[in-house]
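Welcome! Have a look at the model first.

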Amino acid sequence: SDETGFRGRLGMEFNDTGLGRWRWRVEGGLNQFGETSFSNDLVQAGNFGSPGLVTSRVTRTSESIRLTGFEFGARLYDNRIFYLRAGAYIYSMKRERDILIIDRDINNDAVRSFPLTPESESNNGASPYVGAGIEFPLIDESFRVVAEYNLYRIEQETFDNSKRRAW
């Protein structure tokens with residue numbers, strides 16, 4: 001399941017500096033990609049413990065990942081509607097894992113279950129991002145609608161802002 005993320009940005013445009021009609025902008029923002037949760041069951045058959053009492057063991061693993069960070073970058077804006085952007089994403093990725101082991105008898109009834117100690121780890125780092133977008137002025141130049149596509153590279157995984165990915 002995916003939890004919707006959010007993004008908030010602030011930027012500044014340099015009207016004096018540019019290449020022809022192109023203008024530079026700098027930006028920074030908070031980017032919460034959301035949270036993904038998933039679980040799986042590993043079923044093993046065999047004799048576990050007393051002969052005939054436990055015929056299968058189910059290892060149920062539940063995992064959740066949350067990715068949050070700050071973007072710092074620049075935009076090259078054509079002063080009309082199109083822009084390119086690139087920068088660094090400084091992130092924190094938190095992963096939590098719960099494991100429950102259930103022993104079952106020949107009738108598939110639970111004989112016993114025991115949880116393992118929950119695991120939690122947090123990775124921090126910096127990764128690059130690139131993107132392109134368009135800005136449509138609506139009422140005047142200060143109110144615009146933005147559509148953009150961004151590509152991120154985090155921990156050897158490449159993903160964009162239209163997909164969520166579980167590691």
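**Exercise 1.** Does Trp22 count as buried, partly exposed or exposed?

*Solution.* Start with the ground rules: this is a predicted model, where local features need pLDDT of at least 70 and side-chain atom pairs count only at pLDDT 80 or more, while totals for chains, interfaces and linings use all residues. Residues are numbered from 1 along each chain as its sequence is written, and side-chain values use heavy atoms, with hydrogens and water left out.

Next, recall the cut-offs: buried is under 20% relative accessible area, exposed is over 50%, and partly exposed lies in between (1.4 Å probe, protein chains only). Trp22 has 24% relative accessibility, so Trp22 is partly exposed.

**Exercise 2.** Describe how the rings of Trp22 and Phe82 are arranged.

*Solution.* Step one is the rule: rings of Phe, Tyr and Trp (its six-membered ring) pair if their centres lie within 6.5 Å, and planes under 30 degrees apart are stacked, over 60 edge-to-face, and the rest tilted. The structure has four aromatic pairs. In one of them, Trp22 and Phe82 sit 6.5 Å centre to centre with 85 degrees between the planes, an edge-to-face pair. Step two is location: Trp22 belongs to strand S2 and Phe82 to strand S4, 60 residues apart, and the pair links distant parts of the chain. Strands here are DSSP runs (E, at least two residues), numbered from the N terminus. Phe82 is partly exposed too, at 31%.

Now try the rings of Tyr129 and Tyr152: their centres are 5.7 Å apart and their planes at 35 degrees, so this pair is tilted. Tyr129 lies in strand S6 (residues 119-137) and Tyr152 in strand S7 (residues 144-154). Tyr129 is buried at 2%, and Tyr152 is buried at 1%. Together with Tyr89 and Tyr91, they form one aromatic cluster.

**Exercise 3.** Explore the surroundings of Arg85.

*Solution.* First find Arg85 in strand S4 (residues 82-104). With a relative accessible area of 3%, Arg85 is buried. Then look for partners: leaving aside neighbours within four places in sequence, the residues in contact with Arg85 (heavy atoms within 4.5 Å) include Glu27, Glu71, Tyr129, Glu148, Asn150 and Tyr152. Finally, the Arg85 side chain makes a polar contact with the side chain of Asn150, at 2.7 Å. A polar contact is a pair of N or O atoms within 3.5 Å; within protein, one must be able to donate a hydrogen and the other to accept it, and residues adjacent in sequence count only if both atoms are side-chain atoms.

Technical notes: Helices (H or I, at least four residues) and strands (E, at least two) are DSSP runs, numbered from the N terminus.
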